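Here's a quick walk through one protein chain, from a single side chain out to the whole fold. Have a look at the structure first.

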Amino acid sequence: MDNLELLVNFHKDAKRQGPGSAETTLKALKLTQLNLENNLTIADIGCGTGAQTLVLAKNTKGIITAIDLFPEFLDKLKLNAKAYGFDNQINCVRQSMENLDFQHSNFDLIWSEGAIYIIGFEKGIKAWSKFLKKDGYLAVTEISWITNSRPKVIEDYWNNAYPEIDTITNKVNQLKTNGFSSVLYFVLPEHCWLDNYYHPMQERFSSFLKKYNHSKDVQELVNAEKEEVKMYNTYKSYYS
């Protein structure tokens, strides 16, 4: 079993594959100024198991195309969509976000929580913009510095993990350079990271290690996740 498969297996039973909350999803949705009573066309790119997809379905009358590369995540979302009565509203599509197969000017809203880093922020907004209608909206979360300076240890950590990490100002400038007008941004609060993502993750460490007999690859995966949690707890005032 390769490391990517292990990572998917570790995260597939989680409610979330990244920081966030129903409240922040709804807050961002309302900032779009779209008429949520209309039959909107929505793409949720890198949807994972779909915590935010369900919020979008509950709070719009739109048809949502939920896109992910991993069938394990999509299978979970299909089950949840059916359980909550959204199976006619959510269409699950297995595709790579780097090679999306949709018509141009197809969507009123493109959504991506905790996922655009996979393709890279600037590459993602460039690649996806052609799928938006003229007056459409893009809503993403992106790991960003929230101060102008920071300790070298956390700067080195994130530059190694994700070299595109930058200040919010520079991210907004990238949007403007690529034809977007910035409506508004906000920083995810601490509970989106700790209560909704890291704490549930920590609760899965022991059973996951036991499931794979504490193999070297699994131990390395868990150690890497523990290091990320430690970094957030120590340096959360510098990024979100």
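Is E142 buried or exposed? In this predicted model, E142 counts as buried, with 13% relative accessibility against a cut-off of under 20%.

E142 is in the loop between β5 (132-140) and β6 (144-145) and K171 is in helix α7 (residues 168-177), so the pair ties together parts 29 residues apart in sequence. K171 is buried too, at a relative accessible area of 5%.

## Two other bridges

The structure holds eight salt bridges. One of them joins E98 and K123, with the closest N and O atoms 3.2 Å apart. This one also links distant parts of the chain, 25 residues apart: E98 is in the loop between β3 (90-94) and β4 (107-112), and K123 is in helix α5 (residues 121-129). E98 is partly exposed at 47%, and so is K123 at 46%.

D156 and K152 make a local bridge, 2.5 Å from N to O. Both lie in helix α6 (residues 152-161), four residues apart, or about one turn. Here D156 is partly exposed at 37%, while K152 counts as exposed at 59%.

## The whole chain

Zooming out, the chain has nine helices and seven strands. Its radius of gyration is 18 Å, close to the 18 Å the globule rule gives for 240 residues, so it is as compact as a globular protein of that length. Buried residues make up 47% of the 240.

As for charge, the mean positions of the 27 positive and 29 negative charges are 3 Å apart.

Technical notes. Residues numbered from 1 in each chain as written. Predicted model: local features only at pLDDT ≥ 70, side-chain atom pairs only at ≥ 80, totals over all residues. Heavy atoms only, no water. Helix = DSSP H or I, 4+ residues; strand = E, 2+ residues; numbered from the N terminus. Rg over C-alpha atoms; globule rule 2.2 N^0.38 Å. Buried < 20%, exposed > 50% of the residue type's maximum accessible area, 1.4 Å probe, protein only. Lys, Arg positive; Asp, Glu negative; His and termini not counted. Charge placed at Lys NZ, Arg CZ, Asp CG, Glu CD. Salt bridge = Lys/Arg side-chain N within 4 Å of Asp/Glu carboxyl O.
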